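Work through the exercises below with the sequence and the model at hand. Each task is followed by a stepwise solution.

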Amino acid sequence: MSELVRFGVSLEKKLLDIFDDLIRRRKYTNRSEAIRDMIRQELVKKTWEADGNVAGAVTFIYDHHERELMNKITDLQHDHQDVIISAQHIHLDHSNCLEIVAVRGRAKNVLKLADLLKAIKGVQHCTLSMAGTGEVVVE
Ligand code: NI
């Protein structure tokens, strides 16, 4: 574990009250953990914007009775093996399948895959969860 450093922060009372209310609703037990998460979140956001190395997941739902749709989704994933780590297929009910595709790589390549999946007719509720690789990159 890296060295911990304490630092003081000055801010308006009203802003601190709003912050405390926000972190209480998000179930944080202390300000430090909330601030650490916000800093990490900003760094991950910056990494995505700067086309750095990122990780995440693309989730979506589709009807497996549409065979052509299934083929398109499979073909697309085979064409993007460079960013796909793994894919999980869950049979939700008689018709609907949920797929969770774990991704890692350059942000622009991951975004391209997510956009292509989203654009396939019949792919529903496609969302990209944007996470980091764990390494902190500061330019
Ligand atoms: Ni299924």
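The exercises concern a predicted model and go from the overall fold to the strands and then to the metal site.

**Exercise 1.** Determine the order of helices and strands in the protein chain, and decide whether the chain is spread out or compact.

Solution. Count the elements: the protein chain has four helices and four strands. Along the sequence they follow the pattern α-α-β-α-β-β-α-β. The globule rule gives 14 Å for 139 residues, whereas the radius of gyration is 20 Å, so the chain is more spread out than a compact globule. The C-alpha atoms fill a box of roughly 60 × 35 × 25 Å along the principal axes. As for burial, 27% of the 139 residues count as buried.

**Exercise 2.** Find the pairing partners of strand S1 and state how S1 runs relative to them.

Solution. Start with S3 (residues 96–106): 11 bridges join this strand to S1, and the two run antiparallel. Within this pair, Thr 59 stands opposite Ile 100. Next take S4 (residues 124–132), which is also antiparallel to S1 and is joined to S1 by seven bridges. Here Ala 55 has Ala 131 as its bridge partner. Finally, check the cover of S1 (residues 53–63): eight of its 11 residues are buried.

**Exercise 3.** Identify the protein donors of the nickel ion and classify the exposure of the two histidines among them.

Solution. The donor atoms are NE2 of His 89, ND1 of His 91 and SG of Cys 97, at 2.0 to 2.4 Å from the nickel ion. Their spacing along the chain is H-x1-H-x5-C. His 91 has 63% relative accessibility; exposed means over 50%, so His 91 counts as exposed.

Technical notes. Residues are numbered from 1 along each chain as its sequence is written. This is a predicted model: local features need pLDDT of at least 70, side-chain atom pairs count only at pLDDT 80 or more; totals for chains, interfaces and linings use all residues. Side-chain values use heavy atoms; hydrogens and water are left out. Donors are N, O and S atoms within 2.8 Å of the metal (3.2 Å for Na, K and Ca); water is not among the atoms, so sites may look incomplete. Buried means under 20% relative accessible area, exposed over 50%, partly exposed in between (1.4 Å probe, protein chains only). Two strands pair if DSSP finds at least two bridges between them. The radius of gyration is taken over C-alpha atoms; the globule rule is 2.2 Å times the number of residues to the power 0.38.
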